[in-house]
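User: I am new to this structure. Please show me how to read its features.
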Amino acid sequence: MTSLSKTTPGGSVNIKRITAKGKLGQRLVDLGLYPGLKVTVIRNSPLEDPMEVEVNGYFLSLRHEEAAYVEIS
Amino acid sequence: MLKSVRMVSPTRLVALAGQPNCGKSTVFNAITGASQHVANYPGVTVEKLSGSYTINGTRTEIVDLPGTYSLTSFSPEEKVSRDFILHDRPETIINVADAANIKRSLYLTFQLLEMEIPVVLNLNMMDVAEKNGMTIDFKGLEQILGTPVVPTAIKRGQGKQDLVKAIDASIASGVHPGFKIDYGPMEPSIQAILTEITAGAGSFSYPLRWLAIKLMEGDLGVEKLLNQTLPDSGTLLALAEAERNRFTRTQEESPEKHIAYARYKEADRLNHLVVTQHPRTKTSKNVTNQIDRFVCHKFLGPIILALIVYALYNLSIVQGYKITNYTWPLLARLRDVTEWFMPDPGFITEPMIRALSLWFVDSVNALLNYVPIFFILFSLIAILEDSGYMPRMAFILDRLLARFGLHGQSTLPMVLGGVYVGGCAVPAIMATKGIPDEKARFATMMIIPMLNCLAKIPLYILIINIYFADHKSLLMVFIASITLLLALPVAKILTLTVLKNKPSEPFIMELPTYHLPTISGVLKRALERIWMFLKKIVTIVAAVAVVIFALIQFPGLTQERKAWYDNQAEIAMATFHQKMAKTAFGKTLATNGSAMELILFADRYKGARTRADKAAMEKINTRFESENQTYYAITTGKGGKEAKTARRTLKKLTQTRKKLLRGIKQEKIRNSFLGKFGRTLEPVTQWAGFNWRINIALLSSFAAKESTVATLGVLYQQEASTETLSLEKRMEQGEKGFTQLHALALLLMMALFPPCVATMITLKIQSGSIKIMLISFGYQSLLGFTVASSVFTLSSLLGLTGLQALFGFWFFALVVAIIVGFIPPRKNITL
């Protein structure tokens, strides 16, 4: 099982499941991540963390530890 | 609040809701114009912005709800928005949505519609959507949702009238759309809960289907609401719990996720139905990505960040300080006017009302002096905020700061607070508002006073000039870096201890597309913040100034000392009269009253001249000469030999008076409550090498850091009246036993010493907690003193020189910072 946190810049993946619960889970979903959605990793921060992704035509920044809760297929 | 009585029909209440970065505040400003006011929602530090407009005698009040992506009860902003809709029942909601991003916007729209309240969907930023190649079928969307859809590009001035008309129509009809999302396999559960609520609720005024959906989400806020309003909520909650468990078991998905996904699915479906996308290459998204290629670049990114931070610091603090050279005379005039209204001082006495009024004006002026700096600063911050750069700053620095329990967005407040040298804690603490993570926000707030604010600089310079004159720049670099080296581990320790129960927020955030800020938007925000600063800070600081005044003034001189000073004054006067009698002016100046008049005349003359340019000099001379020819002759010495002798006599008297006044002031401070406290502390502070003089200076810095040097100036008074020595020389002579070690301890104490009154008040306002304010004060006093005394005592024992101790402590702090950086952070994110 791989997660979004392992995807390197330039890669495009599909979200399979969001495993985080509670506040983090809600926040990931509220900002527009859901199963079936295509996510493109744009870049990592100059210090490697956090990462920037593109979904549905806009950009999100999230830490790798948070992206670890986004399973991809 | 007082409201004037007018004959108008009752006010209509409207709420403005929308996700962040959809141009909601632009819409709010366009509709309400200048009639806005800010308050706080009860119990939380979330700002409540409201404004109004009046058409045909009907007033409509608009409350701008905080920008949120959703309406859960996880964040205070979302909870506040939701409660407002639920309890204040606005007549309609204007839902501002980013037209270029309909899919995500609808996610919030659906939640608003579920609350069974009239909604006007405002698709804003249509110009951007069109540029991106989107065509939107508004009529189609209107039909599906059953609610009016109004396209606007408010920033370009398009569609405001349509929006206002739609609000009117929506209020007039008063019907809420019946739009419902089909939650598929969850519908039976929702129905079951709905039946239970209907049975028990009777005439319940809340939207019932919404309650049922929220119960399926397991929303704690709604559960609490039901417990408070329904006598028999237990059965209902138990049913909801059972339905949730059953759903999770059978669908293998948590109910709250299923609900969110169903909303996205519906948004996706509508998006396909109403939006046609034409291929474009130059979309706002692509432009943003191009800019970010540089702004977030591995090497260029940090360089650009450093340049922006430097520009911000330079333009506001350095250039702004230059502007204060022009604004200070205005404030000085305010003081002159106050002085003019007050009774004149006596030879060695000062009327209490005069002393208090001038102290009061001086305290307020010290803060007002910063207004130009704040204006530039707030404008630049508004530009950074409106352009969309702020989140990039967090993106670049988050990893480093997160190691110390801070947040990427702590960067800006720390720069403002004086991460290098010369900031101000007040705007810095105000700027922490942008940090979404409560734990990191509080930690940032609490370390800012440790940084090097502008007002600490005079003492640094004084001490460095006396004791480290050969190593000036080394010392400045030491001070700038040591405060940061200490502040970072302190932030981490605070998050692990005092703040350990404050909730952390996930970092995930939007990196919005870049926008060109508008001048009016930026100026408006800057002025708003200045006004808030003046209202909140200055009033309280003025009040505290009075208290400190009392602590320094009372109990005053003993009768004996007072008699001694009176005697000295009489001797001086007698000598004056004796000498004057030998000149032609003897008759005019025979009484003490006339001598005093002359002194005041000379004072005023001198004061007028110091503030005048060459052209005005002549005028002043003529004015004073026509006021009193005799006094003028004596003061200037113009008028032959006699006048010159008289002038010398006057000068001697003035000098004696000054000496006596300084002596009285010094004794007064020494005997004052503050002075007594300073001396009581001596047995403890000796471990840091501080005597009572230093103690008093440090205590007085609590009112404003600038006071330290001013107080030292009084305590190290001129020894001989003939030559005027600089404070540097006076202090050096006054403290013969002082070494570089004493100086180092004092520097460290000043660097870490408690925040000034203005900062404490800001801390209280921004954190909403007196406890946080007191903890800040306490830990900084303790830390400052512990560091100063251990460095002083240890180095004395080891026989180190000042510079050796300085390097030793610097490396020690570096090692501590690195070790603390590796302690795993404590996160409170419920998973």
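User: How far apart do the C-alpha centres of domain 1 of chain B and domain 3 of chain B lie?

Analyst: First, the ground rules. This is a predicted model, in which local features need pLDDT of at least 70 and side-chain atom pairs count only at pLDDT 80 or more, while totals for chains, interfaces and linings use all residues. Residues are numbered from 1 along each chain as its sequence is written, and chains are lettered from A and ligands numbered from 1 in the order in which they are written. Now the domains. Their bounds come from an automatic or database domain assignment. Chain B has domain 1 (9-173), domain 2 (184-277), domain 3 (559-669) and domain 4 (673-822). The C-alpha centres of domains 1 and 3 of chain B are 70 Å apart.

User: How many residues does each chain bring to the contact?

Analyst: Two residues are in contact if their C-beta atoms, placed from the backbone, lie within 7 Å. Chain A brings 33 residues and chain B brings 33 residues. On the chain A side, α1 (22-30) and β5 (58-62) are the elements that give two or more residues. Helices (H or I, at least four residues) and strands (E, at least two) are DSSP runs, numbered from the N terminus. The largest share, nine residues, comes from α1(A).

User: Which strand of chain B pairs with β5(A)?

Analyst: Strands pair if DSSP finds at least two bridges between them. The partner of β5(A) is β10 (residues 509-511) of chain B, antiparallel over three bridges. Leu60(A) stands opposite Glu510(B) there.

User: Which strand does β4(A) join through five bridges to form a hairpin with two residues between them?

Analyst: That strand is β5(A), and the two run antiparallel. Met51(A) has Leu62(A) as its bridge partner. In the turn, Asn56(A) has a positive phi of about 50°. β4 (residues 51-55) of chain A also pairs with β3 (residues 38-44) of chain A, antiparallel over five bridges. Arg43(A) is bridged to Glu52(A). The β3(A)-β4(A) hairpin has six residues between its strands, and Glu48(A) in the turn has a positive phi of about 80°.

User: Which residues touch the most other members of the largest nonpolar core?

Analyst: Nonpolar side chains tend to be buried together in soluble globular proteins. A nonpolar core is a set of buried Ala, Val, Leu, Ile, Met, Phe, Trp, Tyr and Cys residues joined through C-beta atoms within 7 Å. Buried means that 20 or more other C-beta atoms, placed from the backbone, lie within 10 Å of the residue's own. The largest core has 202 residues, and Leu28(A), Leu16(B), Ala745(B), Leu748(B) and Met749(B) touch the most other members. A second, separate core of 18 residues includes Phe585(B) and Leu650(B).

Conventions: Buried ≥ 20, exposed ≤ 12 C-beta atoms within 10 Å, placed from the backbone.
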